[in-house]
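Please look through the sequence and the structure shown below before reading on.

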Amino acid sequence: YNRVNGTYASEHPRLLGDILRREWGFEGLVISDWYGTYSTAAAAEAGLDLEMPGPPRHRGEKLLDAVKAGAVSESSLDAAVRRLLEVTLRSGILEHPEEAAEESIDRPEHRQLAREAAAEAIVLLKNQSDLLPLDRQKIRTLAVIGPSADAAHVQGGGSAGVTPHYSVTPLEGIRTSCGAEVGVRYERGCTNHKVLPLLGARLVPSGFQVEYFGSPDLSGDPALTEHSRRIDFFWEGRIEPKVDPEIHAVRFTGTFAPEENGAYTLGLTSAGRSRLFIDGIELIDNWTQQTRGDSYFGAGTVEMKAQLEMREGEEREIRIEYCRSNPFLAGVRVGALLPVPEDLIDQAAAAAAEADAAVVVVGLDNKWEGEGGDRVDVELPGRQAELVEKVAAANPNTVVVVNAGSVVAMDWSDRVAAVLQLWYPGQEMGNALADVLFGDANPSGKLPTTFPKRIEDNPAYLNYPGENGEVLYGEGIFVGYR
């Protein structure tokens with residue numbers, strides 16, 4: 001998406017022609033990233049073969065007109081078509097044009113491989129006095145603490161995200177590994193979300209009925225009905241033949257089942273218009289008035305929030321209505337936060353003081369770390385650093401597990417006995433972590449990057465982000481330093 005020395009990479013003759021094709025000898029297909037094409041003639045002449053996604057914005061009739069006007073040579077067009085045909089032939093799609101149905105195969109050997117890979121990726125950053133591995137024969141009580149302990153942050157955001165068969169949280173993995181030998185007590189300690197955690201099976205056990213309408217006001221019969229465990233949708237292009245890809249509406253309905261008394265916070269974000277109802281009463285209006293945010297690559301709204309008092313066991317109907325307004329992309333997400341007591345950190349420290357050892361899981365998630373935006377600092381969000389300090393003060397046998405894909409500030413590292421870098425290790429995360437904590441697997445991972453103590457220690461700090469959309473790579477030979 002960037003310009004290099006003033007020219008967009010997707011239309012850069014030196015990058016695509018001189019270096020890629022002639023110097024490196026690349027004979028394959030060059031496609032743009034999604035919406036990463038910025039011209040018709042310049043991109044085609046430079047060697048960009050395919051604009052993604054469709055329908056095209058700079059090709060199609062515009063490319064035909066450019067060829068007729070002489071702005072794009074027929075030889076450039078022939079070369080692009082030839083490379084497209086070569087990929088088509090190699091893929092076998094001409095022999096088998098029918099699209100096979102997607103399938104998801106969950107095999108025991110795949111689970112085991114995922115678990116081994118996750119464990120081998122964990123990096124042991126500190127192990128003072130050989131606290132790790134924990135000995136199940138000596139530890140009778142274990143405090144598991146932190147906002148990421150009872151959450152499955154298994155992957156980054158945006159294009160890094162796929163749908164796993166299942167996800168094992170650190171707390172689940174530790175409890176399973178301990179069995180009846182060790183008493184495990186959990187405390188959240190604090191929160192660390194950028195946007196509210198997804199509303200899913202925990203609070204809406206039966207999931208959501210999803211109805212698609214070929215009208216902006218949800219009138220008429222649904223053109224398509226399906227089921228979803230949560231509301232976290234991102235659409236591009238056509239959904240179903242009866243649904244207009246540019247103007248359509250979706251209705252989600254489910255049953256909210258509060259698991260404790262208190263004030264629940266609900267959040268609604270969308271690229272398009274949306275609104276949320278509880279028992280038929282509108283709670284969040286993101287339909288008639290919207291505030292632009294950074295969601296959906298800048299095409300979506302800020303997260304609109306509302307609080308609602310609920311009681312355990314009192315089921316409530318939840319309904320979300322959505323109307324698409326952007327022909328290129330659309331999306332809607334619903335989050336929910338359980339009641340948050342004010343003394344969470346004190347409760348966590350008390351639990352740590354009563355335990356033989358404490359495991360604190362802190363970090364980020366796929367909203368803090370995803371494509372389309374940078375983190376503004378390396379601090380742990382919320383009160384996580386304070387949580388680590390207080391737990392470590394309450395129990396010298398404290399292990400900190402960092403569930404993040406990049407560096408976070410660790411000013412507290414001198415005051416804890418052990419530190420593990422967990423990364424985002426996939427669906428077997430919790431089991432792999434337990435394997436390392438209790439010595440069933442060796443944490444043999446190595447850091448792929450240097451971890452600076454401060455953001456100011458990064459070579460690019462003095463130059464990035466530059467001014468007026470331009471940045472000088474003034475770090476010289478340290479550009480891209482790991």
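In this predicted model, L329 has a relative accessible area of 9%, and because buried means under 20%, L329 counts as buried. This residue belongs to strand β15. If residues up to four places away in sequence are left out, L329 touches Y35, F234, W235, A271, Y296, F297, A299 and R324. One of these, A299, is 30 residues away from L329 in sequence, while the C-alpha atoms of the two are 8.2 Å apart in space.

**The sheet**

Strand β15 is part of an open sheet of 4 strands, which follow one another in the order β8-β15-β10-β13 with antiparallel pairing. Strands β8 and β13 stand at the edges and have a single partner strand each, so one side of each is left without a neighbour in the sheet. On average, and with direction ignored, neighbouring strands of this sheet are turned by 15° against each other. In general, the strands of a sheet pair through backbone hydrogen bonds, in either a parallel or an antiparallel way. Here, β10 and β15 run antiparallel and are joined by 7 bridges; A271 stands opposite G331 in β15.

| β8 | 232-236 |
| β13 | 304-310 |

In soluble globular proteins, nonpolar side chains tend to be buried together. The largest nonpolar core of this model has 32 residues, and I145, L387, V391, V402 and W412 are those with the most contacts inside it. At least two residues of this core come from each of β4 (141-145), α7 (344-353), β16 (357-363), α8 (384-394) and β17 (398-403). Another core, of 31 residues, lies apart from it and has I122, V361, V399 and A417 among its members.

**Helix α8**

Which residues of α8 are buried? They are Q384, L387, V388, V391 and A392. These residues cover an arc of only 125° around the axis, and therefore they lie on the same side of α8. Among the elements that cover the buried residues of α8 are β4, α7, β16 and β17.

Terms used: Residues are numbered from 1 along each chain as its sequence is written. This is a predicted model: local features need pLDDT of at least 70, side-chain atom pairs count only at pLDDT 80 or more; totals for chains, interfaces and linings use all residues. Side-chain values use heavy atoms; hydrogens and water are left out. Two strands pair if DSSP finds at least two bridges between them. Axes are lines fitted to C-alpha atoms, for helices over the stretch in contact, and angles run from 0 to 180 degrees between N-to-C directions. A nonpolar core is a set of buried Ala, Val, Leu, Ile, Met, Phe, Trp, Tyr and Cys residues joined through side-chain atoms within 4.5 Å. Buried means under 20% relative accessible area, exposed over 50%, partly exposed in between (1.4 Å probe, protein chains only). Contact means heavy atoms within 4.5 Å. The arc is that of the directions from the helix axis to the C-beta atoms.
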